[in-house]
Each structure stands twice: as C-alpha cells, then as structure tokens.
Amino acid sequence: MNNIKKVQGTCHCEAVQFEIESDFMELTTCDCSICIRKNALMVKVHESAMHIIVGKDYLTTYQFHTNTAEHYFCKICGIYPFHRKRVTPDYFGVNVFCLKELDLKGIALKDIPVRSTVGAGMK
C-alpha cells in the first residue's frame, strides 16, 4: 500500500469530478455531528494532491460550529464527496465511496487501518 495512486472520483450524478493522489495508508471516521450523519469513510489528502476536474460550480458548502471546516456537497445530487478539514485546513477528507477507479474490494478495506477521530470533543 505504500504506492501513491492517482484515483478519480465523482458525486452520484457525476457533475462534480475530481482526482486525488494518495497512498491509502489510513482511512478515518469521525464522531462529530455531521460525519456521524453522513457516515463517511475518508482518506486524508493534501490540497496539492486534490484536483477538481469539472463541476466546481456545482459544489456548495456547509459550515457549522467554528465555520472553519468546509463540507462540500453537489448542488444537483446532494452527495458529499469531500471536505476541507478544520484542524488541518490544507488537507481534504475525501469520501472513499465517491472514488470510481479505486476497487475497494481489490484493496481489501480490512487491510487498511481505520482511525477513529474524536470530532465531537473538539472545542
């Protein structure tokens, strides 16, 4: 898993298309109020490794609490593809279930560590 992979992703309607580069060494979950509700499994990607190919105009953001994190959603289908992180705003949390070319069964998610972050306890 130490190899960097370039993977494309989309929202459900494919109006938003993006590409990331990651080694997929770790996935994360979060227990904050929005992450629990969207049940996202995320990979952390530096902003330099995240590129919106098309559909930037179809994205809308939702912010709450400190209004630091930016949670992006497609205006058409409502899917959450990624968010800009609060504690590390130069990183995105990318919803791995929006990644098209990543064969999640082939990578065997059980072999990738999943770290649970404590977002609910953040001040």
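Predicted model: local features only at pLDDT ≥ 70, side-chain atom pairs only at ≥ 80, totals over all residues.
## Overall layout

The protein chain has two helices and 10 strands. Read from the N terminus, these elements follow the order β-β-β-α-β-β-β-β-β-β-α-β. The chain comprises 123 residues, and 41% of them count as buried. When contacts in the protein chain between residues at least 6 apart in sequence are considered, 55% join residues at least 24 apart.

## Nonpolar cores

The largest nonpolar core contains 23 residues. Within this core, the residues with the most contacts are F18, I20, V43, M50, F82, V94 and L99. Four elements each supply two or more residues to the core: β2 (17-22), β4 (42-46), β7 (70-74) and β9 (91-95).

M50 belongs to the largest core. With its neighbours within four places in sequence left aside, M50 is in contact with F18, E19, I20, V45, F82, F92 and V94.

## Cysteines

A disulfide is a covalent bond between the sulfur atoms of two cysteines. A search of the whole structure finds zero disulfides. For C11, the nearest cysteine sulfur is that of C13, 3.7 Å away, and C11 is in no disulfide. C11 counts as buried because its relative accessibility is 2%.

The cysteine sulfur closest to that of C77 is in C74, at 3.8 Å, which is too far for a bond. C77 has 27% relative accessibility and therefore counts as partly exposed.

## Aromatic pairs and cluster

The structure holds five aromatic pairs. One of them joins F18 and F82 in an edge-to-face arrangement, with 5.2 Å centre to centre and 80° between the planes. This pair links distant parts of the chain: F18 is in strand β2 and F82 in strand β8 (residues 82-84), 64 residues apart. F18 is buried, at 0% relative accessibility, and F82 is buried too, with a relative accessible area of 1%.

Another pair is formed by F73 and Y80, whose ring centres are 6.1 Å apart. The planes of F73 and Y80 are at 50°, so the pair is tilted. F73 counts as buried at 18% relative accessibility. Y80 is buried with a relative accessible area of 5%.

F18 and F82 are also part of one aromatic cluster with Y72 and F92.

## Lysines over rings

Two lysines are placed over tyrosine rings, as listed below.

| Lysine | Ring | Distance to ring centre |
|---|---|---|
| K38 | Y80 | 3.4 Å |
| K44 | Y91 | 4.7 Å |

K38 lies over the face of Y80, while for K44 it is the charged end that sits over the ring of Y91.

## H83

H83 lies in strand β8. H83 counts as buried because its relative accessibility is 5%. The side chain of H83 makes a polar contact of 2.8 Å with the side chain of Y80.

Which residues is H83 in contact with, leaving aside its neighbours within four places in sequence? They are K38, M42, E70, H71, Y72, Y91, F92 and G93.

## S48

S48 lies in the loop between β4 and β5 (50-54). Is S48 buried or exposed? S48 counts as exposed because its relative accessibility is 52%. The side chain of S48 makes a polar contact with that of H46, at 2.9 Å. S48 and E21 are 27 residues apart in sequence, and their C-alpha atoms are 8.9 Å apart in space.

Methods
Residues numbered from 1 in each chain as written. Heavy atoms only, no water. Core = buried A, V, L, I, M, F, W, Y, C linked by side-chain atoms within 4.5 Å. Buried < 20%, exposed > 50% of the residue type's maximum accessible area, 1.4 Å probe, protein only. Contact = heavy atoms within 4.5 Å. Disulfide = S-S within 2.5 Å. Phe/Tyr/Trp six-rings, centres within 6.5 Å; stacked < 30°, edge-to-face > 60°. Lys NZ or Arg CZ within 6 Å of the ring centre and 35° of its normal. Polar contact = N/O pair within 3.5 Å; in protein donor to acceptor, adjacent residues only side chain to side chain.
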